[in-house]
Amino acid sequence: MSVKPWPVVLRERPGPGAVVLRPLHRRDRSAWLSLRTANHDWLSPWEATTPHPQGAVSSFDDYVRQLARAGKAGTCAPFAVTVDEQLVGQLTVSGIARGSLQSGTIGYWLARHSAGRGVMPTAVAMATDHCLGPLGLHRVEINICPENAKSLRVVEKLGFRDEGVRQRYLHIGGQWRDHRTFALTEEELPAGGLLARWQQLRSS
């Protein structure tokens with residue numbers, strides 16, 4: 001299957017209130033910084049850190065350029081998450097591997113005021129359909145701290161398969177934290193796609 005070129009925009013549906021995944025732009029700087037500042041306490045317990053920080057922190061413009069380069073190189077698929085054209089979070093498919101693996105890892109964050117509204121399950125469903133469809137991957141995974149109940153609800157709602165605990169998997173807040181791994185393969189994708197099944201569940 002041919003790989004859809006970057007950049008790409010994914011839309012839940014036409015009309016107001018729809019979730020849209022699109023590239024992050026330099027013009028998002030003010031909204032992105034405001035969201036990150038306002039949601040620091042909400043997000044920091046789950047965000048990856050580095051045990052040996054080195055060098056200067058990149059500017060937002062550099063960050064956007066790095067994401068765009070990685071997207072064009074096919075090593076990741078980075079998205080801004082928006083609702084009604086307002087930035088509410090991010091979703092990135094990172095660590096995209098080709099060859100005999102054909103896999104990627106989904107990570108995300110969402111502003112607190114948008115939590116509990118089905119935004120992130122919708123975004124993850126769209127990204128999964130894109131990965132296991134146009135991107136031609138065979139498997140996607142999501143790694144979540146066992147204490148992160150809200151993220152666990154996302155994969156539960158979407159029917160990701162629990163593959164168990166990876167001990168001391170990721171560095172967060174000064175320590176190596178265990179994570180549970182959840183995955184879906186192309187063979188497990190519902191007929192019509194994950195987004196269609198999620199939308200049906202929401203409306204039932």
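# Chat about a predicted chain

Colleague: What does the accessible surface of the protein chain come to, and how much of it belongs to carbon and sulfur atoms?
Modeller: About 11000 Å², with 51% belonging to carbon and sulfur atoms. Areas are from the Shrake-Rupley method with a 1.4 Å probe, and for residues only the protein chains shown count as cover.

Colleague: What should I know about the model before reading on?
Modeller: It is a predicted model: local features need pLDDT of at least 70, side-chain atom pairs count only at pLDDT 80 or more, and totals for chains, interfaces and linings use all residues. Residues are numbered from 1 along each chain as its sequence is written, and side-chain values use heavy atoms, leaving out hydrogens and water.

Colleague: How many helices and strands, and in which pattern?
Modeller: The protein chain has 6 helices and 8 strands. Along the sequence they run β-β-α-α-α-β-β-β-α-β-α-β-β-α. These are DSSP runs numbered from the N terminus: helices are H or I with at least four residues, strands E with at least two.

Colleague: Why call the chain as compact as a globular protein of that length?
Modeller: Because its radius of gyration, 16 Å, is close to the 17 Å that the globule rule gives for 204 residues. The radius is taken over C-alpha atoms, and the rule is 2.2 Å times the number of residues to the power 0.38. The C-alpha trace spans about 45 × 40 × 35 Å along its principal axes.

Colleague: What percentage of the residues is buried?
Modeller: Buried residues are 45% of the 204. Buried means under 20% relative accessible area, exposed over 50%, and partly exposed in between (1.4 Å probe, protein chains only).

Colleague: Which residues touch the most other members of the largest nonpolar core?
Modeller: Val 81, Leu 91, Val 124 and Phe 160, in a core of 39 residues. Helix α4 (residues 119-132) supplies the largest share, 9 residues. A second, separate core has 11 residues, including Leu 24, Val 64, Leu 67 and Ala 80. A nonpolar core here is a set of buried Ala, Val, Leu, Ile, Met, Phe, Trp, Tyr and Cys residues joined through side-chain atoms within 4.5 Å.

Colleague: And which residues does Val 81 touch?
Modeller: Leaving out residues up to four places away in sequence, its partners include Val 19, Leu 21, Leu 91, Met 120 and Ala 123. Contact means heavy atoms within 4.5 Å.

Colleague: Where is Glu 85?
Modeller: In the loop between β3 and β4. Glu 85 counts as exposed, with 74% relative accessibility. Its phi is near 65 degrees, a positive value in a residue other than glycine. Most residues other than glycine have a negative phi. Gln 102 also has a positive phi, about 55 degrees, and sits in the loop between β4 and β5 (103-110).

Colleague: Which strand holds Ser 94, and what does Ser 94 touch?
Modeller: Ser 94 lies in strand β4 (residues 86-97). Not counting residues up to four places away in sequence, it touches Thr 75, Cys 76, Gly 104 and Thr 105. At 32% relative accessibility, Ser 94 counts as partly exposed.

Colleague: How many residues apart in sequence are Ser 94 and Arg 69?
Modeller: They are 25 residues apart, and 13 Å apart in space, C-alpha to C-alpha.
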